Amino acid sequence: MTQPKYKRILLKLSGEALMGEEKYGIDTGTLAQIASEVKEVHDLGVEVALVIGGGNIFRGVSGAAKGMDRSSADYMGMLATVINSLAMQDALEKLGLETRVQSAIEMREIAEPYIRRKAIRHLEKGRVVIFAAGTGNPYFTTDTAAALRAMEIRADVMLKATKVEGVFTSDPVKDPNAKLYRSLSYMDVLQKELKVMDATAVSLGMDNGLPLVVFDLTTRGNILRVVRGENVGTLVGCVPTVTV
Ligand code: GTP
């Protein structure tokens, strides 16, 4: 069997990824499907950490746009990520995986508090660690939380799951000539203003040399393909910019 390219990964899922065909909340079938793909990767001996967004339940930015105080709205969004994390924990444990949820906002009755060294120890023991409640701070996205946690646990790579193949030269839905980037330097992400992640997450990744793979989660088996180092999605990092 092919050896995995990465030993420790941080997988970032959007909250919307859990919705499936629903318009809101969590579709249990979709959740189980993603959990089984995480298990396939874990079965290769890869250490897996997860960060899940909360947009399927509540988006801080949308709340603020409707007149809510931005901080309050963001805290609600952080709580939404906790709900998603507990759902994913349940789905993974149904498949026999050991898991730990660590929350950036202390709520000890339902999750461990985030403790970096403990998280690393859990990963070394083969547990899937799910980081909940973002960074614990308003004004930071879950992409930024994912980049931060990936660096803290010294992940080899951050995998950002999306609904499209990777990063394109322009919006592939609107532009039939849009080309997929096979690889992309962080500097180009910033200079070309490509919507890969928000600027805070991108600059954090760039300053600390964190490789990022943006890939399509809706194609079954893609997490495994990325981890095996197959040509899937777009690799962002200290690499030359190349289109397909
Ligand atoms: P090791 O001792 O390193 O193997 O890790 P462990 O997580 O198994 O040990 P620990 O005794 O810390 O935890 C035992 C169980 O209690 C695990 O399921 C943890 O997730 C859970 N746990 C630990 N601390 C907390 C906490 O602060 N809040 C909640 N809700 N659960 C916790």
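Reader: Okay, how much space lies in the largest pocket?
Author: About 1100 Å³. Before we go on, this is a predicted model, where local features need pLDDT of at least 70, side-chain atom pairs count only at pLDDT 80 or more, and totals for chains, interfaces and linings use all residues. Residues are numbered from 1 along each chain as its sequence is written, and side-chain values use heavy atoms, with hydrogens and water left out.

Reader: And what counts as a pocket?
Author: On a 1 Å grid over the protein atoms alone, a pocket is an open set of points with protein on both sides within 12 Å along at least five of seven lines, while a cavity is a set where a 1.4 Å probe fits but cannot get out. Lining residues have an atom within 4 Å of a point. Grid points are joined across faces, edges and corners, and the volume is the space filled by probe spheres set on the points.

Reader: Which residues lie nearest the centre of the largest pocket?
Author: Lys-12, Ser-14, Arg-59, Asp-143 and Lys-160, out of 41 lining residues. By class, the lining has 14 nonpolar, 16 polar and 11 charged residues. Here Ala, Val, Leu, Ile, Met, Phe, Trp, Tyr, Cys and Pro count as nonpolar, Asp, Glu, Lys and Arg as charged, and the others, Gly among them, as polar.

Reader: Which helix gives the most to that lining?
Author: H3, with 5 residues. Helix H2 (60-65), helix H3 (70-94), helix H5 (142-152) and strand S6 (157-162) each supply at least two residues. Helices (H or I, at least four residues) and strands (E, at least two) are DSSP runs, numbered from the N terminus.

Reader: What about the second largest pocket, how much space is in there?
Author: About 340 Å³. It has 18 lining residues, and Ala-17, Gly-20, Thr-30, Leu-217 and Thr-218 are the closest to its centre. Helix H1 (28-43) and S6 each supply at least two residues of this lining, and the largest share, 4 residues, comes from H1. Sorted by class, the lining has 5 nonpolar, 7 polar and 6 charged residues.

Reader: Switching topic: how many aromatic pairs are there?
Author: A search of the whole structure finds 1. Tyr-114 and Phe-131 sit edge-to-face, 5.5 Å centre to centre with 80° between the planes. The rings of Phe, Tyr and Trp (its six-membered ring) pair if their centres lie within 6.5 Å; planes under 30 degrees apart count as stacked, over 60 as edge-to-face and the rest as tilted.

Reader: Which parts does that pair tie together?
Author: Tyr-114 is in the loop between strand S4 (112-113) and helix H4 (116-124), and Phe-131 is in strand S5 (residues 128-132), so the pair links parts that are 17 residues apart in sequence.

Reader: Is Phe-131 buried or exposed?
Author: Phe-131 counts as buried, because its relative accessibility is 3%. Tyr-114 counts as buried too, at 18%. Buried means under 20% relative accessible area, exposed over 50%, and partly exposed in between (1.4 Å probe, protein chains only).

Reader: What lies over the face of Tyr-114?
Author: Arg-149, at 3.5 Å from the ring centre. Arg-149 also lies over the face of Phe-131, at 5.8 Å from that ring centre. A charge sits over a ring if NZ of Lys or CZ of Arg is within 6 Å of the ring centre and within 35 degrees of the ring normal.

Reader: Now the sheet. What order do the strands come in?
Author: The 10 strands form an open sheet in the order S4-S3-S5-S2-S1-S6-S8-S9-S7-S10, with mixed pairing. S4 and S10 are the edge strands, each pairing on one side only. Two strands pair if DSSP finds at least two bridges between them.

Reader: How many bridges join S7 to S9?
Author: There are 3, and S7 and strand S9 (residues 234-237) run parallel.

Reader: How many residues of S7 are buried?
Author: 4 of its 5, so strand S7 (residues 181-185) is mostly covered.
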